[in-house]
Amino acid sequence: MRIIRGKYGRRRFSVPTNITARPTTDFARENIFNVIENITDIEGARCLDLFAGTGAVSFEFLSRDAASVTSVEKSPIQGRFIEKVARELHDDNLRLLRADAVRYIREYTGRPFDIVFADPPYDMPGFGDIPGAVLSGGLLGPGSVFVMEHSKAYNFSSLPHFDQHRAYGSVNFSIFIIPDEENNDEKSDGE
């Protein structure tokens, strides 16, 4: 696993062979992070990485100076790897939750995140319900960005707050942007 850019850029970590996660390719991760950075500031953001797998997305957020990253991963093998990399980076801004991501989405009641990234296993039962659950739960607030990684078999463009679709090879991303309340207020004041 390679961290692409930022303060940990070009650092490489050997992923154990027994990890069952399907990590986002370096090419796709580099491109989607370029898109995210053109939409919002990662620096100082509160980020959530659902179905964290190897933690590659979490570490990319940390490398680009996110204020905090919460990684949700239920696999003990992947969880140990994420903890190991965080220790090697000496970064205290990562919080690993060894939990079921679907349950976490359903039961979350805390403060909204600035950026939410979800990369569930493509063959997971109920995969198509994940974006709707994230959008209707308490994870997102005004101005939040939500990125859903998926295969070409899915089209989430009819969901609320859908902004754009990006494809990099066989990896697809649907991006949702929650409107900022201030911008909405300004528009209605000016009309």
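User: How many of the 5 residues of strand 1 are buried?

Analyst: Strand 1 is largely enclosed by the rest of the structure, because of how its residues count as buried; that word means under 20% relative accessible area, with exposed over 50% and partly exposed in between (1.4 Å probe, protein chains only). Strands (E, at least two residues) and helices (H or I, at least four) are DSSP runs, numbered from the N terminus. This is a predicted model, in which local features need pLDDT of at least 70, side-chain atom pairs count only at pLDDT 80 or more, and totals for chains, interfaces and linings use all residues. In strand 1, the buried residues number 5 of the 5.

User: Which residue in strand 4 stands opposite L48?

Analyst: Strand 1 also pairs with strand 4, in the parallel sense over 4 bridges. Opposite L48 you will find V116.

User: Which residue in strand 5 does V116 stand opposite?

Analyst: Strand 4 (residues 113-118) runs parallel to strand 5, with 5 bridges between them. Strand 4, helix 5 (residues 130-136) and strand 5 also form a right-handed β-α-β unit. Follow V116 across to strand 5 and you reach F146.

User: In which sense do strand 5 and strand 7 run, parallel or antiparallel?

Analyst: Strand 5 (residues 140-150) is mostly covered, with 9 of its 11 residues buried. Strand 7 (residues 171-177) is joined to strand 5 by 6 bridges, and the two run antiparallel.

User: Which helix does the chain pass through between strand 2 and strand 3?

Analyst: Strand 2 (residues 68-72) and strand 3 (residues 94-97) are joined by 4 bridges and run parallel, with S71 opposite L96. The crossover between them is right-handed, and it goes through helix 3.

User: Is F51 buried or exposed?

Analyst: Most residues other than glycine have a negative phi. F51 has a positive phi of about 60 degrees, and its place is in the loop between strand 1 and helix 2. Because its relative accessible area is 14%, F51 counts as buried.

User: What is the relative accessible area of H161?

Analyst: H161 also has a positive phi, near 70 degrees, and is found in the loop between strand 5 and strand 6. H161 is partly exposed, with a relative accessible area of 36%.

User: What is the volume of the largest pocket?

Analyst: On a 1 Å grid over the protein atoms alone, a pocket is an open set of points where a 1.4 Å probe fits, with protein on both sides within 12 Å along at least five of seven lines, and lining residues have an atom within 4 Å of a point. The lining has 26 residues, with F51, G53, E73, D119 and P121 nearest the centre. Grid points are joined across faces, edges and corners, and a volume is the space filled by probe spheres set on the points. For the largest pocket, that volume is about 410 Å³.

User: How many helices and strands does the protein chain have?

Analyst: Read along the sequence, the pattern is α-β-α-β-α-β-α-β-α-β-β-β-α. Buried residues make up 48% of the 191 residues. The secondary structure comes to 6 helices and 7 strands.

Methods: Residues numbered from 1 in each chain as written. Heavy atoms only, no water. Pairing = 2+ DSSP bridges. Right-handed = clockwise from strand over helix to strand, strands pointing away.
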